[in-house]
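Here are my notes for your review. Please read them with the model open.

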Amino acid sequence: MFIDCCSKKDIENEKYTKRLHGRWFVISIYSPDELPADIAFTDSCAGVLLLCFDDRDYENIDGGRKVELFKKEWADEILSLIDGFGESIDSIIVHCEAGISRSSAIAAGICKYFGKDDNKFFKDKVPNRFVYRLMLNAIDTHVKVLPYSVSIERHKNIMNGNNVV
């Protein structure tokens, strides 16, 4: 599974999306005072999850409006969507305005979910720590839904006295 983050400008560029390997899914992040990205779709795009929140890690008033923070429910939804896609997608792309903070935090969390190293998102990016913490908390409490055939096999093992997962 290829996991990466990019800017709004990148995801709107057909040259970028045409280079993506296999079937891809995008998590599209935009701020409440912006419009969502005009994603350069290809036939390989499996879907889009739109999330609207500010690049903040605390609540306060910003220019007369309440700041919208990332929510744990959204982290749970991201993990459930990944489970639902299973092996039918090859790439997950997360984008925000600059591709530096919000998107890298979610992409790093997704790497952790797959048991992969998330260091690349901390080298050149500055992941939003609040978003990253919520992703890690969601991973800790997420109940991964096993494919039906795996569940039946596990059940058979338990019934035969073999408690192997």
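What share of the contacts in the chain between residues at least 6 apart in sequence join residues at least 24 apart? The figure is 64%. Keep in mind that this is a predicted model.

1. Overall make-up. The chain has seven helices and six strands. From the N terminus on, the order is β-α-α-β-β-β-β-α-β-α-α-α-α. The chain holds 165 residues, and 41% of them count as buried. Its accessible surface comes to about 9400 Å². Carbon and sulfur atoms account for 51% of that surface.

2. Main core. The largest nonpolar core has 36 residues. Those with the most contacts inside it are Ile27, Leu51, Phe70, Ile78, Ile106 and Ile110. Strands β1 (2-7), β2 (24-30), β3 (45-52) and β6 (91-96) are among the elements that give two or more residues to this core. In soluble globular proteins, nonpolar side chains tend to be buried together.

3. Ile106. Leaving out residues up to four places away in sequence, Ile106 touches Ile27, Ile29, Leu51, Phe53, Phe70, Ile78, Val94, Val131 and Met135.

4. Second core. A separate core has ten residues. Tyr16, Ala37, Ile39 and Cys45 are included in it.

5. Lys72. This residue lies in helix α3, which covers residues 72-85. Lys72 counts as partly exposed because its relative accessibility is 28%, between the cut-offs of 20% and 50%. Beyond residues up to four places away in sequence, Lys72 touches Leu134, Asn137, Ala138 and Thr141. One of these, Thr141, also makes a side-chain to side-chain polar contact with Lys72, at 3.2 Å. Lys72 and Leu136 are 64 residues apart in sequence, yet their C-alpha atoms are 9.8 Å apart in space.

6. Asn128. Is Asn128 buried or exposed? Its relative accessible area is 6%, under the 20% cut-off, so Asn128 is buried. Asn128 sits in the loop between α5 (120-123) and α6. Its side chain joins that of Asp55 in a polar contact of 2.9 Å. Residues up to four places away in sequence aside, Asn128 touches Asp55, Arg56, Asp57, Ser101, Arg102 and Ala105.

Methods: Residues numbered from 1 in each chain as written. Predicted model: local features only at pLDDT ≥ 70, side-chain atom pairs only at ≥ 80, totals over all residues. Heavy atoms only, no water. Helix = DSSP H or I, 4+ residues; strand = E, 2+ residues; numbered from the N terminus. Buried < 20%, exposed > 50% of the residue type's maximum accessible area, 1.4 Å probe, protein only. Contact = heavy atoms within 4.5 Å. Polar contact = N/O pair within 3.5 Å; in protein donor to acceptor, adjacent residues only side chain to side chain. Core = buried A, V, L, I, M, F, W, Y, C linked by side-chain atoms within 4.5 Å. Areas by Shrake-Rupley, 256 points an atom, 1.4 Å probe, with all protein chains shown as cover.
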